[in-house]
Structure formats: structure tokens, C-alpha cells
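Dear colleague,

Please find below the structure that I promised to hand over, together with its sequence.

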Amino acid sequence: MDIFHGLANVLTDPILMGWVFLAAVVGMIVGAIPGLTASAAIAMLLPLTFYMEPLPALAFLYVIGKSGRYGGSIAAILFNTPGTAASAATQLDGYPLARQGKAGKAMKVATISSVIGDFTGEILLIVGVAWIAAIALRLGPPELFAIYFAAFIVIGSVIGKSVTRGLASAALGILVAMIGLDPISSTERFTFGQFDLTNGISLVPLMIGIFVLGEVFTQIEERGAKTKLVPTKEGDAARNTLTWAEFKPCLPHVARSSFIGAFIGVLPGLGSAIAAFVAYGEGKRRARNPDAWGKGALEGIAAPEAANNAVSGPSMAPLLTLGIPGSTIGAILIGVFLIHGIQIGPTLFLTSRDLVFALFACGLIGIVMYGVIGYYGAAFVGRFITRIPTQILYPIIFLTSFVAAYTSRGNLFDVYVMVAAGFAGWAMRKLHFNPAAFVISFVLAGGAEEAFRQSLLLSDNGLMIFFSRPIALVFLLIGIAAMIARIRSLNKQARATAMGDA
């Protein structure tokens with residue numbers, strides 16, 4: 001019943017509905033611009049929300065994340081360049097369809113599949129999140145630290161192509177989070193005598209630097225790559241009508257992929273890109289026409305699009321119930337909660353229950369909005385993107401980053417932090433380290449340290465407390481098992497590649 005109360009509140013608030021609509025449009029456009037991710041847009045717009053009420057601020061960024069994931073499919077289909085990593089699998093069948101003059105049909109399948117997948121994930125979140133929160137309330141510091149530990153290992157080892165570099169990125173995030181004063185003894189850590197560092201590194205300029213400035217540096221380095229739209233041919237309009245007979249075979253793939261995406265979304269750090277490729281692989285394995293996949297199969301668009309959008313809702317579950325972000329967008333949303341003085345975790349459902357369900361209602365309405373806009377206007381968005389000169393777009397983003405970093409606290413030191421983080425983000429991409437693992441670990445480190453120290457205070461046997469509590473032990477083993485499975489998977493891929501080259 002809470003969700004119906006939330007829907008009623010949102011639908012009767014025209015200003016809030018305006019923010020949700022604006023977020024649906026902005027997210028779609030940003031997601032469709034190759035190289036500019038929804039995470040970067042959210043990080044850049046984060047300071048704007050300082051001056052907003054908590055619900056409009058959270059709803060604005062939450063819906064941008066949703067529509068941004070969908071917007072990536074527009075670039076993947078029209079430009080053969082996925083707007084987001086999650087849309088890379090969509091590109092495999094979307095672009096061949098565009099070359100056949102069926103871009104409109106492909107985008108309609110992507111839109112419907114995205115909406116169904118996103119709705120499925122959101123409904124599962126609404127139904128299950130209170131249940132997860134009730135369980136989370138019973139967890140003590142040892143169990144919480146074990147969950148943090150598993151999250152660090154999973155995020156570091158599963159994201160990216162290298163386990164070593166992923167874990168190093170996570171460790172670097174933890175190290176940077178330790179800069180400042182010790183929360184118990186108040187002794188300085190890694191401040192090197194600099195007063196500005198005693199308060200630690202602020203989350204907002206760090207994220208703007210990593211996600212926005214780092215991306216701008218990468219785009220400057222890759223300047224010259226021009227975005228080209230697939231030309232429209234005579235008779236394309238007739239070929240782009242989507243019939244029920246054409247979409248019906250896609251439905252089993254949409255249903256299966258929605259649950260795959262929802263399951264992967266609950267696991268911290270895995271994200272929508274992994275969900276999309278898992279769904280694509282599983283869909284192709286079960287398809288009646290596997291040979292057509294990769295050459296323009298509508299099912300090859302439906303499966304990854306349903307999965308990558310189904311991640312959105314469930315990825316909020318660990319964030320809201322445990323304070324553990326399941327994605328980079330979740331990590332940024334933590335900043336919004338903290339800025340508005342809202343403590344996330346299991347007690348959130350006791351202190352801000354109406355706010356949480358109103359946010360879920362905004363998510364549902366945002367899905368409808370980007371679905372309608374995308375179904376009828378995705379082609380227009382694609383043509384609009386090609387008319388934005390990158391020589392103008394990226395300098396504007398570059399300057400906006402400086403303003404956003406400074407206005408977060410009115411402190412020039414934050415600008416220095418953002419510039420340093422921008423170079424660090426660019427270097428991480430160049431050296432194949434993982435910026436997402438770095439930022440998520442930075443966000444998690446404070447809570448993990450608190451849980452670790454509280455555990456040791458409760459323990460008479462030091463670290464053995466983590467092995468004597470069954471739930472804590474299970475999560476420790478899950479983390480180690482995930483890392484071993486990832487190493488085996490990478491070794492298997494390396495051997496297959498070596499045999500293919502031989």
C-alpha cells in the first residue's frame with residue numbers, strides 16, 4: 001500500500017512531475033551521446049540538487065540513471081557506438097538492423113524491452129526491499145563487515161578485464177578514503193601536514209573528476225572520431241513498423257532477461273553491462289534462430305535491453321538496506337542522501353519510509369515517460385545528437401565541472417581535488433584500471449572501517465569473530481569464491497584465445 005500512497009503524492013505534485021519529466025529527457029539525451037555516460041551526467045548535476053528538496057533531488061538523479069541506461073541503446077543502434085557499456089550487446093544486432101533500414105523497428109523493440117525490464121526490476125525492488133531491510137536490522141557489525149568485504153572482493157575482481165587491476169583499484173579507493181582524521185583517536189592519516197586534508201577527500205569533487213573530467217580528457221585524446229548516423233533510405237518508413245507478430249518471439253527473452261538483470265542488480269558491483277551480456281548469451285543459447293543473432297535479430301536487441309534496465313531497481317536494494325551501492329550511480333546517490341542529512345541503511349525504512357516509496361513511485365513514472373518519449377522520439381534524439389558539435393559540447397562540460405566542484409562546498413581545494421581526480425580517472429582508463437571499483441570502494445570504506453572496529457570491540461578473540469559467526473563466514477566465502485571463479489574464467493578465456501591464435 002505504501003507504493004500507492006507514494007504514487008498519489010507524486011502524481012498530484014506538478015513540480016515533482018516536471019523534475020521527473022526533465023530527468024527522463026536529459027538521461028535519454030546524455031545516454032545517447034557516445035562517450036558521455038549517465039554516471040558522468042549525474043556527477044556533474046549533483047551540486048544542483050544541493051538547493052532542492054530531498055525527494056525532487058533524489059528523483060531527478062534516479063530517473064536520469066534509468067533513462068540514461070535506455071538512451072545508450074539509441075547510440076548503439078544508430079551510430080554503432082554504444083552510449084553506455086551496458087548497450088554494447090545491443091549494438092551486435094541493432095546496428096545490422098539499422099544498416100538494413102530498420103533502425104526504427106530496432107529502437108521500438110529496445111524501448112519496449114527496456115520498459116518491461118525496468119518495470120520488472122522496480123516491482124521486485126518495491127516488493128522485496130522492506131523484507132531485505134527487516135533482515136538487515138538483525139545483522140551485527142561482524143556480518144556487516146563480512147558483507148563489505150565480499151562487496152570489495154566482488155567489485156574489485158568481477159568488474160573489468162583484470163582481477164589484479166580491479167583489486168588494486170578497490171584498494172586505492174579504500175586508501176584515499178582513509179585520508180583525514182582517525183574517527184576514534186582523531187590522529188591524522190595521510191594528511192602530510194596539509195590542513196585541507198584533515199577533513200578528508202570530499203565525495204562530490206572526487207566523482208566529478210573521475211567520471212566527468214576523466215571522460216573529457218579521454219574524449220580530447222580521441223578527438224577526430226566523428227559520429228555518423230546511418231542514412232535513411234527510400235522505403236525505410238514501411239520497414240520500421242513493429243507488429244505484434246514480430247515482437248511476440250521476443251517476449252520469452254524479455255521475461256527471462258528481466259529476471260537475470262534483476263538478480264545481477266542485487267549483487268554489488270556487477271552492473272548492467274554484465275547483465276546485458278549474460279542475457280544475450282543465454283538468449284542466443286536458447287534461441288530458435290541462433291545463426292541470425294549478430295546479423296540483425298530482434299530477439300538479440302530485446303534480451304540485453306531488458307536485462308540492463310532490469311538492473312536499475314534491484315541495484316538500489318543493497319544501497320537502501322545496507323548502505324552498499326550496487327553501481328556507480330548508487331554511489332553518487334549516497335552523496336545526495338548524506339547531503340540532505342538522510343541516514344541510509346535498514347533504519348531508513350523506519351525514519352523515511354514515505355520518502356523511499358515516493359522515490360520508487362518517481363521511478364515507475366519515469367519509466368513510463370522515457371518509454372513514451374523513446375517509442376515516438378528516439379530517432380529525433382539520434383538526429384539531435386549528430387547536430388551537437390563536440391568542439392562546443394565538451395568545453396561546456398569541462399567548464400561546468402569546475403563550477404560544480406567549487407559550488408559543492410565553496411572551497412577552492414575541492415577544485416584541486418577534482419582536477420587531480422580527473423587525471424587519475426583518465427590514467428585509470430588508459431592503464432585498464434577500474435574507476436568504478438575505485439569510487440565504490442571509496443564510498444564503502446568508511447562504513448567498512450566502522451563495522452570492523454566495532455566487531456573487534458565486541459570480540460574476545462580478535463579476528464576470529466568473523467569466522468565464528470555463520471552469516472559472516474558465508475559472506476567471506478562468497479567473496480573468495482567470486483574471486484576464484486573470476487580468475488578461472490579469465491584463465492579459460494586466455495587459453496581459448498591462445499588456442500585460437502595457434
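R165 lies over the face of F433, at 5.9 Å from the ring centre, where a charge is taken to sit over a ring if NZ of Lys or CZ of Arg is within 6 Å of the ring centre and within 35 degrees of the ring normal. Please bear in mind that this is a predicted model, in which local features need pLDDT of at least 70 and side-chain atom pairs count only at pLDDT 80 or more, while totals for chains, interfaces and linings use all residues. Residues are numbered from 1 along each chain as its sequence is written, and side-chain values use heavy atoms, with hydrogens and water left out.

Turning to the aromatic rings, the count comes to 11 aromatic pairs, a pair being two rings of Phe, Tyr or Trp (its six-membered ring) whose centres lie within 6.5 Å, with planes under 30 degrees apart counted as stacked, over 60 as edge-to-face and the rest as tilted. One of these is formed by F145 and F452, whose ring centres are 5.0 Å apart with the planes at 50°, so the pair is tilted. This pair links distant parts of the chain, since F145 belongs to helix α7 (residues 141-158) and F452 to helix α21 (residues 435-458), 307 residues apart; helices here are DSSP runs (H or I, at least four residues), numbered from the N terminus. F145 is buried, at 15% relative accessible area, whereas F452 is partly exposed, at 27%; buried means under 20% relative accessible area, exposed over 50% and partly exposed in between (1.4 Å probe, protein chains only).

The rings of Y375 and Y376 have their centres 5.1 Å apart and their planes at 75°, so this pair is edge-to-face. Y375 is partly exposed at 28% relative accessibility, while Y376 is exposed at 69%.

M418 is placed in helix α20 (residues 412-430) and is buried, at 0% relative accessibility. The C-alpha atoms of M418 and I208 are separated by 6.3 Å, although the two are 210 residues apart along the chain.

As for cysteines, the count of disulfides (pairs of cysteine sulfur atoms within 2.5 Å) comes to zero. C250 is buried, with a relative accessible area of 0%, and C362 is likewise buried, at 0%.

With kind regards

Note on methods: Helices (H or I, at least four residues) and strands (E, at least two) are DSSP runs, numbered from the N terminus.
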